[in-house]
Amino acid sequence: MAAPGAPLRTLRALLRELRHAAGRSYRDSPAYRHVLAAFRQHRVTSEKLCRAQQELHFQAATYLCLLRSVRQHEALHREYHGRGERSPQEVAGLVGFRLPQQPGGKG
Amino acid sequence: ALFPSSERKRFYRNVSISQGEGGFEINLDHRKLKTPQAKLFTVPSEALAIAVATEWDSQKDTIKFYTMHLTTLCNTALDNPTQRNKMQLIRAAVKFLETDTVCYRVEEPPALAELQKNEWDPVVTWAEQRYNVTIGSSTSILGPNIPASTKETFVSHLASYNMWALQGIEFVITQLKSLILSMSLIDRHITVEKAVLLSRLEEEYQIRRWGNVEWAHDYDLCELRARTAAGTLFVHLCSESSTVKHKLLQD
């Protein structure tokens, strides 16, 4: 089976991602409780004894990858692809101009 | 509700899960979530329902549908918009073998050819041993010559999955552009990160040579990882016999 690192590390990282996603009430969220319960039930430790444990760990690592990648993708989208159009002021500022102010309106 | 644009303001406060006749349902406040074709959104696995609910609850001011991969996969499984039956899905998946990324090799430049050999040969060998088939690789523009018996073996193997899991498998294959990498991933032989790396081997090679462009390369990498991870998780959650409601998964 694939070796996605130590189970405890995966669990901690996964819980951290869930906190990110959920906000303040993360501890009550179904996902947080489900993940903790699953790990407790199977007592995933460093001992590679049980196939069910390995499967659970793989699932946890996959879910961690999903949450992490979605967060990173969204951050990149906001950074590079989400800006939209510049305002006329911004465009003028690009070449060092300022828009003229005409208190009486255009003539 | 129908969502005409790719983004919409978050219109609900609470997301919860309930159990109905056909499986687990998602509630946005008091409203039950529906698919794009207005069917009731029901999933066979509680863990999957929780993950979908988490996607909905993670949305901040606007609902970013393009980040909700598990929801999208469930909608596809429920609506089956391409109207394909099980055998059509399986044949579409196995057809990918003819142009499988890891079988399609270059001869130039030598460094890339070497990299492909070192990184891809092991996973092809694994597949050949695991499934007792002949696959091989090719530098020909026509791609590898896959024996009919190999294809039939994969058809039989995929037939053991239910319809929902198959939608997931076909999705992963189209993302990774490789049946072999997808099976390696589904069989838990490699991680999502490794599968994506192997799928993007040539890109990674070019990035190492010419440099990384964050707004393009990393953007694509994260999106591919997200989709592949979602597809894999979806397949596993729909295949677990202990947590799955079989009535919903009828082929």
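How many salt bridges does the rule find across the interface of chain B and chain A? The rule finds one, a salt bridge being a side-chain nitrogen of Lys or Arg within 4 Å of a carboxyl oxygen of Asp or Glu. The partners are A:Glu55 and B:Arg188, whose closest N and O atoms are 3.7 Å apart.

The structure is a predicted model, in which local features need pLDDT of at least 70 and side-chain atom pairs count only at pLDDT 80 or more, whereas totals for chains, interfaces and linings use all residues. Residues are numbered from 1 along each chain as its sequence is written, chains are lettered from A and ligands numbered from 1 in the order in which they are written, and side-chain values use heavy atoms, with hydrogens and water left out.

Between the chains, 35 residues of chain B are in contact (heavy atoms within 4.5 Å) with 25 residues of chain A. The area buried between chain B and chain A is about 2800 Å², of which carbon and sulfur atoms give 69%; buried area is the accessible area (1.4 Å probe) that two parts lose on being put together, summed over both.

Within chain B, the domain assignment, automatic or from a database, gives domain 1 (15–79) and domain 2 (86–239). The C-alpha centres of these two domains of chain B lie 28 Å apart. The area buried between domain 1 of chain B and domain 2 of chain B is about 1000 Å², with 85% given by carbon and sulfur atoms. Of the area that domain 1 of chain B buries against domain 2 of chain B, 48% is supplied by B:His69, B:Leu73 and B:Ala77, more than by any other three residues. Across this interface of domain 1 and domain 2 of chain B, the rule finds zero salt bridges.

B:Asp79 lies in helix α2 (residues 69–79) of chain B, helices being DSSP runs of H or I with at least four residues and strands runs of E with at least two, numbered from the N terminus. B:Asp79 counts as buried because its relative accessibility is 5%; buried means under 20% relative accessible area, exposed over 50%, and partly exposed in between (1.4 Å probe, protein chains only). Not counting residues up to four places away in sequence, B:Asp79 touches B:Thr35, B:Pro36, B:Gln37 and B:Lys39. A polar atom of the B:Asp79 side chain lies 3.1 Å from the backbone nitrogen of B:Gln37.

Key: Polar contact = N/O pair within 3.5 Å; in protein donor to acceptor, adjacent residues only side chain to side chain.
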